[in-house]
Amino acid sequence: MKKILFSIYCITACMLLQSCSEEFLEEKPYGAVNQTLLNNEEGVNSLLIATYALLDGYAEGETPSGNQGEASVMNWVWGDVPSDDMHRGDQTGGWSQINDVERYEVRSDNEWLNGAWGINYEGVSRANDALLALYESEDIPEAQYKQLEGEAKFLRAWFHFQLRMVFEKIPYITEGVDATQVKNDKEVWDNIEGDLQFAIDNLNPAPKDLGRASSWAAMALKARTHLFQQEFSAAKTLLDDIIIDGPFQLESHFYNNFDEEKQNNGESIFEIQYSVNDGAGVANSGIDHQTLYPRGQDVGLCCAYSAPSFDLFNAFKVDANGLPLLDSFQDNLLVEDYEILTTENFSPTDHLMDPRVDWTIGRRGIPFLDWGPMSGSDWMLDQLNMGPFLNKKIMWYKRNKGEISSQSSYWAAGVNGNNFRVLRLGHILLWRAEVAVEENDLSTALSLVNLIRNRAADDMVMGKVLNTSFRASDEIIIDPSQPAANYKLAPYPSFPSQEYARKAVRHEIRMEFALEGMRFFDLVRWGIADQTLNNYLKSELNGGRLPWLNGAKYTEGQDDHWPLPQVQVDLQDGVLTQDPAY
């Protein structure tokens with residue numbers, strides 16, 4: 001399972017490049033880069049490796065903020081917490097900055113904004129340093145020269161894309177400019193697309209090192225960029241290229257895309273590569289999501305900062321035909337063991353469910369991979385305010401503990417080397433289905449959605465838990481021959497209308513990619529965030545549930561993006577303009 005990783009990314013590059021310890025917006029001293037050492041293939045590659053190192057959104061010891069998940073490539077802070085998929089978890093007394101995100105009360109002085117800004121612009125800065133060194137280099141063969149340039153431009157586009165999803169108006173920083181004087185008065189999508197097109201034209205489709213960007217990854221990211229702008233024809237061309245000519249195929253098992261034993265599989269287009277126990281401490285690990293794991297005595301990790309919502313759980317309900325309840329899943333919300341003590345008897349619902357629910361959400365009385373059945377509220381800190389569910393996609397198998405998880409001491413138990421599959425064929429198929437709906441090509445949309453559904457139809461969690469009591473002294477009895485819950489999933493027989501197809505495709509995107517940092521951004525780009533999120537809050541909080549969240553309200557035109565960090569606006573007075581909504 002070991003892979004070629006960029007283990008020395010900061011050691012080599014930061015010895016050569018003084019900017020590794022600088023804040024992005026501080027002007028570099030003349031001659032900060034040692035041109036003699038960097039203006040060659042090895043030097044440029046070292047700078048690129050330092051840039052790849054920031055893909056996870058974490059730069060230990062190098063920025064004043066940004067190391068707690070603010071810039072995580074999983075986007076759980078900005079893509080999941082403010083959506084209808086996830087609650088911030090843990091307890092409301094911790095990390096108040098996340099409370100403000102979930103309640104849509106973020107002010108420009110929220111330091112987590114500066115973390116997201118600083119890490120991503122540090123990535124931009126490193127990509128530009130690599131380009132400057134490349135342009136001053138000599139004797140690099142043309143093909144390799146273009147490959148290095150393509151990687152740098154892919155990475156520069158990547159970090160700007162992360163920023164553009166969170167902030168509405170950002171400066172696009174290119175090489176050789178004074179970054180402190182670049183205004184945020186223009187839309188940057190065309191800049192992102194330009195860098196990605198160069199990457200498509202020049203990157204190797206099959207890089208020799210795992211984790212390096214390929215031309216396919218650049219195509220996928222550019223297609224997503226077009227979707228954010230409702231440029232469906234442009235996205236279609238790229239998506240079709242990947243589907244028809246790409247070397248990718250759906251994995252037979254939905255959970256293979258989260259299983260540490262199935263990393264870099266045939267469905268994966270671009271993965272963030274992590275490793276542990278390699279002599280680098282936690283520097284190469286998935287430290288950006290260090291606080292998202294269960295925390296019960298059975299597991300002993302930290303810190304349950306990822307609590308799926310009642311709404312998400314109920315979205316997995318299906319009817320007697322195995323089809324989603326597109327318009328009625330919020331009726332009679334199933335709340336499972338909410339407010340039921342671990343010491344009290346409980347049985348999971350017998351409602352028919354999409355089997356992906358129990359590969360996505362941890363719930364009481366269902367096997368949590370091979371960690372045993374989740375026993376209830378003792379796996380979290382504050383069930384009253386976070387709800388009864390946990391994120392299962394983030395977890396790894398107990399049998400690999402100590403191998404996939406770090407053996408070295410660190411404050412957050414559970415730091416591990418399980419890659420994050422940030423772009424995979426499943427994305428491409430459902431994005432293509434989305435395009436087909438908008439072109440009213442309902443037969444294509446139906447076929448693509450059913451490819452995904454057929455893969456999941458028999459993908460059941462096995463192991464029926466026969467207990468109703470989960471006290472520490474209870475013997476847990478499991479029948480491995482039975483499904484863990486009442487599952488059913490079937491392909492759609494037809495899409496009778498464009499409106500129905502649009503709902504179906506968007507619902508399928510939610511089911512397939514829940515808790516992967518996409519949902520809030522999707523609601524915004526679809527133009528349905530206001531209605532969806534305010535209806536969700538009304539349903540989710542009905543009856544006094546989750547008391548800390550009561551009174552939260554999404555405001556259209558303001559909460560679709562977050563304010564620029566005030567500290568950056570102040571540093572660049574007269575250059576950066578704050579979002580007028582704030």
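**Exercise 1. Find how many positive and negative side chains the protein chain has, and how far apart the centres of the two sets lie.**

Solution. Count Lys and Arg as positive and Asp and Glu as negative, leaving out His and the chain ends. This gives 47 positive and 87 negative side chains. Next, place each charge at NZ of Lys, CZ of Arg, CG of Asp or CD of Glu. The centres of the two sets then lie 5 Å apart.

The model is predicted: local features need pLDDT of at least 70, side-chain atom pairs count only at pLDDT 80 or more, and totals for chains, interfaces and linings use all residues. Residues are numbered from 1 along each chain as its sequence is written, and side-chain values use heavy atoms, without hydrogens and water.

**Exercise 2. Determine what share of the protein chain is buried, and describe its largest nonpolar core.**

Solution. Buried means under 20% relative accessible area (1.4 Å probe, protein chains only). Buried residues make up 65% of the 582 residues.

**Exercise 3. List the contacts of W158, leaving aside neighbours within four places in sequence.**

Solution. Take contact as heavy atoms within 4.5 Å. W158 is then in contact with L55, V73, L221, F270, V422 and L423.

Definitions and conventions: A nonpolar core is a set of buried Ala, Val, Leu, Ile, Met, Phe, Trp, Tyr and Cys residues joined through side-chain atoms within 4.5 Å. Buried means under 20% relative accessible area, exposed over 50%, partly exposed in between (1.4 Å probe, protein chains only).
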